[in-house]
Amino acid sequence: MTTVVLADDEALLRKALAALLPMEGEITVLAEAADGAAAVEATLRHRPDVLVVDLEMPGVDGLGAVSAIRRALPEQVILMLTRHARPGVLRRALKLGVQGFVSKSAEPAHIASVVTTLHQGGRWIDPEVSVLAVVDDCPLTDRELDVLRVTRDGYSVADIAARLHLAEGTVRNYLSRAMQKTGTRTRHEAARYAREHDWL
């Protein structure tokens, strides 16, 4: 028997999966979560064999939840559901150690099969998701992407420096290089450009 916590802000999909997964395999749903913060709380409380988490959720998104869970439970097995897997997001998830990616449009039987595969120590990336992972035309470094990601949230240079534990001068250098590489005039334009090109 494989135990799971389901985290997805789409109630209809979450409830459907909670009802269907046990019918498709030897799976017990221990808890459901409607956002990232609840996903962290439920995972830490129930310690499931596999966390099934949506990438895009309000407040703390799937990556934020995974990052928090990894700090407390480094060995937690995680399956990420995604509709629009951007290359940059996929790379970040892989770096966080997410073991599986499945399209949200997949059949419940397929999701149940992947849950079992991950519980047994395997990995799985749906073909349509893996194609996006190898398309990497981003000229920006990970650190440049980090500062643009925080810039997008409207923080000042000082705030960005504090959040990323960097010197303000270092942040300015990263932003300057990001603006040069994207051909933009402001850091906000650079962040928007990176987002539009699916780099963030």
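Predicted model: local features only at pLDDT ≥ 70, side-chain atom pairs only at ≥ 80, totals over all residues.
Six strands make up an open sheet, in the order E2-E1-E3-E4-E5-E6, with parallel pairing. Strand E2 (27-33) and strand E6 (124-125) are the edge strands, and each of them pairs on one side only. Strands of a sheet are held in pairs by backbone hydrogen bonds, in either a parallel or an antiparallel manner.

Strand E1 (residues 2-7) runs parallel to E2 and is joined to E2 by six bridges. Thr-3, for instance, has Thr-28 in E2 as its bridge partner.

## Helices on the sheet

Helix H2 (residues 36-46) lies across E1, E2 and E3, and runs at about 140° to E2. Helix H5 (residues 108-119) also packs on the sheet, where it touches E1, E2, E3, strand E4 (77-82), strand E5 (100-103) and E6. The direction of H5 makes about 155° with that of E4.

## Val-53

Val-53 belongs to strand E3 (residues 50-54). Its relative accessible area is 0%, so Val-53 counts as buried. Beyond its neighbours within four places in sequence, Val-53 has contacts with Ala-7, Gly-62, Val-66, Ile-78, Leu-79, Met-80 and Leu-81.

Glu-32 is 21 residues from Val-53 along the chain, and the C-alpha atoms of these two residues are 9.9 Å apart.

## Thr-182

Thr-182 is part of helix H9 (residues 168-182). Thr-182 is buried because its relative accessible area, 6%, is under 20%.

The side chain of Thr-182 reaches the backbone oxygen of Met-179 at 3.3 Å. Leaving out residues up to four places away in sequence, Thr-182 touches Leu-140, Ala-190, Tyr-193 and Trp-199.

Definitions and conventions: Residues numbered from 1 in each chain as written. Heavy atoms only, no water. Helix = DSSP H or I, 4+ residues; strand = E, 2+ residues; numbered from the N terminus. Buried < 20%, exposed > 50% of the residue type's maximum accessible area, 1.4 Å probe, protein only. Contact = heavy atoms within 4.5 Å. Polar contact = N/O pair within 3.5 Å; in protein donor to acceptor, adjacent residues only side chain to side chain. Pairing = 2+ DSSP bridges. Axes fitted to C-alpha atoms, helices over the stretch in contact; angles between N-to-C directions.
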